[in-house]
Amino acid sequence: MYALGAMGLIFEVSALFSNSISVVGLPIVPVAAVFCFRDRMSGVKGVSMALAVWGFVSYMYQCYLDDRNSKVVTKSVDETSPRMSS
C-alpha cells in the first residue's frame with residue numbers, strides 16, 4: 001500500500017513532494033515500534049529520526065523562503081509596471 005501511495009503522489013503532485021512525505025513518515029515507524037512492540041530505542045534510531053526531522057524542516061523552511069521571495073519580486077514588479085487609466 002505504501003508503494004502505491006508513493007506512486008500516486010509522484011503522478012499527481014511531484015516526486016519531490018512524495019519524497020518529503022516519505023521523510024515525514026520515517027520517524028513514525030521507529031517510534032511506533034518502540035511503543036507497540038516494546039523495541040529498544042537505540043542511538044542509531046535516534047540519529048536517523050533526528051536527521052529525518054531536520055531534513056523535512058529544512059525543506060519546509062526553504063519553501064517558505066522561496067514563497068516569501070517570490071511575493072517580494074511580484075510586489076516590486078507590480079509597483080514598477082505602468083498603470084493603464086481607463
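Is Asp-67 buried, partly exposed or exposed, and what is its relative accessible area?

Analyst: Asp-67 is partly exposed: its relative accessible area is 39%, in a model that is predicted. That value lies between the limits of 20% for buried and 50% for exposed. The side chain of Asp-67 forms a salt bridge with that of Lys-71, at 3.5 Å from N to O. A distance of 3.5 Å qualifies because the cut-off for a salt bridge is 4 Å. Lys-71 has a relative accessibility of 55% and so counts as exposed.

Both partners belong to helix H4, which covers residues 43–80. Asp-67 and Lys-71 are four residues apart there, about one turn of the helix. The protein has four helices and zero strands, in the order α-α-α-α from the N terminus.

The structure holds two salt bridges. Asp-39 is partly exposed, with 36% relative accessible area.

The accessible surface comes to about 7,200 Å², and carbon and sulfur atoms account for 70% of it. A search of the whole structure gives zero disulfides. Of the cysteines, Cys-36 is exposed at 59% relative accessibility, while Cys-63 is partly exposed at 34%.

Technical notes
Residues are numbered from 1 along each chain as its sequence is written. This is a predicted model: local features need pLDDT of at least 70, side-chain atom pairs count only at pLDDT 80 or more; totals for chains, interfaces and linings use all residues. Side-chain values use heavy atoms; hydrogens and water are left out. A disulfide is a pair of cysteine sulfur atoms within 2.5 Å. Buried means under 20% relative accessible area, exposed over 50%, partly exposed in between (1.4 Å probe, protein chains only). Helices (H or I, at least four residues) and strands (E, at least two) are DSSP runs, numbered from the N terminus. Accessible areas come from the Shrake-Rupley method with a 1.4 Å probe; for residues, only the protein chains shown count as cover.
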